[in-house]
Amino acid sequence: MSPSRLDFFRFSISTEFRFWIIMTIALVLYGIAASIGNGWIFLLTASLIVILIGAFVLPLLSLSNIALKQVCPPRITAGESCRTTIIASPRYSFFAPQWLIIGADEKASAAIALESLAENQTLTFDCGPYKRSVRLQPTIKIECAFPFGLLWLGHSFKSRQPLIVQPKVVKLDGRFLSSLRSGSYVPGGTVNGQSGFPSSATRNVREYVRGDSRRFIHWSLSARHNRLMVKEYEHEGLPAYDVLFDCTKQYNSAAEFELAVTTVASLLTTGHNDGIHPALYIADEPISDSSNMPPYIVEQVAQLDTLAGLKYRTKTSIEKAISPAIFQGRNKALVIVQASSSSASGDSCPDNCGVLEIGAKKDKEKKQKGYRTIISEASLESL
Amino acid sequence: MSKEQPEDSIRLRFLTSAMSLVGILAASYLAESPVWITLFGIGGVIFGSWLSYKRRRKNNTLIKIGISIGILVVAAAFFRELLVRINLNIADARLPLTNMLITLQALHCFDLPRRRDLSLSCLVGLTLISSAATLSRDMSFALYLAGFIALSFFTFAGDCVSRTKSRAHSSISGRQQRSATLAWSVPLFLLGCLTVFMLLPKIEIEALRNTRLAAGLNLAFLGRENLFSQALTRIVSPDGSIKSNPKAYYGFAEELDTNYRTKLSDQIVLHVSSPSPDYWRGMAFDTFNGTVWTMSDSKTVFSRYAEKGQAIPITPVPTMLYNRNLPRKSLTQVFYLEEDASNLVVCAAVPSLVYFPSNKVEVDLYGSIRSPIGMQKDMVYTVISSRPLFDILELRKQPEPESQRNQRVKRRYANYLQIPPSIDPRLKSFAAGIAGKGNYFVRAERLKNFLQSNYKYSLDVPPAPNGRDTVSDLLFYQKRGYCETFASALVIMCRSQEIPARLATGYAPGLYNPFTGLWEVRLHDAHCWAEVFIPACGWVPLDPTPVAVPLGLDSDQQNLVLAYLENLLNKLSKQLDLAFLIHWLKLLYVPGLVIFAGFLLWFLRKQGSAFYTWIRQYLTKNSRQRAKAGLPESKASLAFQRVVESLSSFNIKRSPSDTSLELLRKVELRLHSDKDGESFGSAGDCLLSELGVFLDHYSEARFGKKQGTDELNRSADQLAAKLKSLAKARSGF
């Protein structure tokens, strides 16, 4: 959050209607003065000309006298506001800028009128909310029309510092993840991210999937339903998993794509919070080399930064299947996030693989074990 | 489209009202509006502005209906006045228009709820001040205009503040330098206006130039053939010399004595609105007796009447006829009489139409127009002259007239060839030697150039002695003279060469005032020149006076502005009476001192803080630079370092980030530690308290404004000595 000095010269001009009226009056007066040869009216015309010139020059001088520093967080989450602090100060003290309108990110509703900038002024603006993106920090625009108020001269101070708007993260319930089974060494196929001791409090009951420990089978309930049911415990950790974000297929809409990104970000964040530290694979994007990864927290940030930079493509040029090698020899489960319209990575989902399909499912008959459909953030929360 | 909110700024309303008031005062003063209109205007603006502020959020239907009725009444009064003026042959609509604008402005001030209404009020104020500008004939209007422009600056600023506030979501007050900066900006703004005014190209559009005006006073008619002049009030001194009235030119009389001596006053007698300068011709003389010029026939005049209540056409008399093929330029001049004058209607030659307060004028044999009514102050008349454009090259090329034609000219203009018998006999041969051979114009021009080149202009020439004519006195004795003697000399020299010539009097163009656009003709601009008859052309004016103002001033307007200002300053400096100035200075000494002290305080209050901040920043920057350059530190810091070094004997180290308090805390901990607590005892407590006092003083000296580093040095030395002795005592144990 180091302050960045903004000294780019970007000026804009907008005129008040009065500017044209004054110009017209000046022309008319000039014509009258020339017609009747009256010097006083020439002088009145001259005063209007000075006003017209001053309406441009004086705000320009005022704006040129402003030095600005901007402090802004480098990362925010989509949908959040970015609190930007600016420190404005005059470059030289004998021509203090007056009556400035300072606004951030061209958001006129939050602009502040500053009476005088004789000394340093610190101002704070809430910019945004922004959509998921990698963009530049908010642009600060200072406008001035003082003293004639005929012409608004604006100076945009554009930052070079990036602002990463990371995808939104939803707190997951974890049921779907619990049903995954990884090939890891952890007893019961789970990793306890909290204490390492199983809890006696039951959180949920679900159908048995291959790999579940027989110790967790709820025998009485299984007898009642005539199929095997297993218990999930309160503090039971999640299985170790990685996430594969399949961008090779076409998402129906940008909203669906955003939901997919949110899903991936939520899975990753949940994993990191539980100490799993899932890796992120993005099909159709270069897969990060985990050996070069920074420590976990940085890795999490890096993963979210990567997701922040993903762009929705209306047409996917690359129609390629995901390399089968990614499914083989894994000691962690794999969660695949993909468009509902796309065909699964395999008709039969491997045991240690779960597929999250984003968007309404067209093929309703395609109900396979290990598949879940995410159609909204609400359905994502109950994942 | 959202409706504009009412304007809440009292300051902006006040400034707008002030602009309106200045406009009303200027217009009513210059248009000489009736008192009730002026009072209605002022009262209406003040009361109306207050009422419109109080009721700015209300509907005000009744007020609007009242204003509408008022506007209808005012418009009706305006058109009625216009009709009356048309019937009275007064073409000037500016006065009723100004009165109407004053009342409209007052009415409009009752309905100013929003900012745009205030802007409209300013616009009406601008119209009023423009209207007043067209009526202004002197520099007194400058005060009104400067006030109006200064107020407009503040109004624009107030309007801008209001706009800025309404545009922003919230506002933050910064440091209060606004009013001071604005106050300083006004003189700069006025200076900028003057500069742009000087640089502004002042083109001339002839279409509306010089509206034909004729406004006179209700005066009784004078005798038909007489010429009346104030110059007749001559004073004859006991020694026989004649002095004339310095407030009237003696050349506007039935005779002109070239031996008169006077310095005419600086008083403005005429304001002339004319697109170009010219000699404003009054009258002409044909008979000279060696000293006095007279008219051989002053009683014969021709009456010229107005046609259907319009202008009076001036049919040229035979002595003002020019060749029809000569190119001409129409010149419209409006004359504003600033002083009472003789009944001569001065104008540029050759008048063709006169708009005059009376329905007739008289034209004498010499082409001079005489007014049948007294010419009193504030009279206005317009003359349209058909100015012959002489081509000097063509005139020089003309062949010498045949002898037959010469004889004809001699016969026809015999009175213009008259030479007094008392004239010096040397003159003819003298003039012949200068004139040489050539046509009429060439010879006259040589004579004129000779006079201009070889003689000097002077008003301090003694009267010609008895028995000597003034022309010979100039040519052969004095070798210096003034316009009357120079013109007389040229006329007589031309006549000696059989060239018909006459003496004309009138006014020089005067000084052009670039602000009013009028030529200011002062009494000392009264002038005399010669008119020479050139066959196949007409009467050509020739001015032999060496310092005569050249005709056809074509210098650019910027130079005219500077020239006018320079002239004004010169006049001021000349007119400054030192004794008078000292008297006023004595009177104004005490209040002036108080005002100056107040201004100084105000300046220090407003600008001093900014200047102090700048100085402080500058010094801080310098001290930082000194520190960077490794220059010696302050005395306080050196004393502090000595104490810190002494503390090292107790194994107390100060890290660079330790503040004074942290250092004290370290020392306290060290002295009261279990190990050494007993060894130091009360001496340790005493040392601690002294160290605390020293550090306080150090902080004040180093970071505050407190002085006294010598005392700090002494304390540091004492403290260091105590620490040394304490350390010794400790090692002794």
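A salt bridge is taken here as a side-chain nitrogen of Lys or Arg within 4 Å of a carboxyl oxygen of Asp or Glu. The model shown is predicted, so that local features need pLDDT of at least 70 and side-chain atom pairs count only at pLDDT 80 or more, whereas totals for chains, interfaces and linings use all residues. Residues are numbered from 1 along each chain as its sequence is written, chains are lettered from A and ligands numbered from 1 in the order in which they are written, and side-chain values use heavy atoms, with hydrogens and water left out.

**View 1. A network of salt bridges links A:Glu16, A:Arg18, B:Asp159 and B:Arg163.** Within this group, A:Glu16 and B:Arg163 form a salt bridge whose closest N and O atoms are 2.9 Å apart. The pair joins two chains, because A:Glu16 lies in the loop between strand E2 (11-15) and H1 of chain A, and B:Arg163 in helix H6 (residues 141-167) of chain B; helices (H or I, at least four residues) and strands (E, at least two) are DSSP runs, numbered from the N terminus. Both A:Glu16 and B:Arg163 are buried, a class that means under 20% relative accessible area, with exposed over 50% and partly exposed in between (1.4 Å probe, protein chains only).

**View 2. The interface of chain A and chain B brings 53 residues of chain A into contact with 59 residues of chain B.** Contact means heavy atoms within 4.5 Å. About 4900 Å² is buried between the two chains, and carbon and sulfur atoms give 69% of this area, which is the accessible area (1.4 Å probe) that two parts lose on being put together, summed over both. In chain A, the residues that lose the most area to chain B are A:Trp40, A:Trp99 and A:Glu115, together 16% of what that side buries.

**View 3. Three salt bridges are found by the rule across the interface of chain A and chain B.** In one salt bridge between these chains, the side chains of B:Arg167 and A:Glu143 meet at 3.1 Å, N to O. On the side of chain A that touches chain B, the elements that give two or more residues are helix H1 (17-36), helix H2 (39-64), strand E6 (98-104), strand E7 (112-116) and strand E8 (121-127) of chain A, and H2(A) supplies the largest share, 12 residues.

**View 4. Strand E7(A) runs parallel to strand E1 (residues 170-172) of chain B, to which three bridges join E7(A).** Two strands pair if DSSP finds at least two bridges between them. The bridge partner of A:Ile112 in E1(B) is B:Ser170.

**View 5. Within chain B, B:Arg281 and B:Glu531 form a salt bridge, with the closest N and O atoms 2.7 Å apart.** This pair links distant parts of the chain, 250 residues apart, with B:Arg281 in strand E6 (residues 280-285) and B:Glu531 in strand E21 (residues 526-534) of chain B. B:Arg281 and B:Glu531 are both buried.

**View 6. The side chains of B:Asp717 and B:Arg642 meet in a salt bridge at 3.1 Å, N to O.** Here too distant parts of the chain are linked, since B:Asp717 belongs to helix H19 (residues 709-732) and B:Arg642 to helix H16 (residues 635-647) of chain B, 75 residues apart. B:Asp717 is partly exposed, with a relative accessible area of 41%, and B:Arg642 also counts as partly exposed, at 31% relative accessibility.
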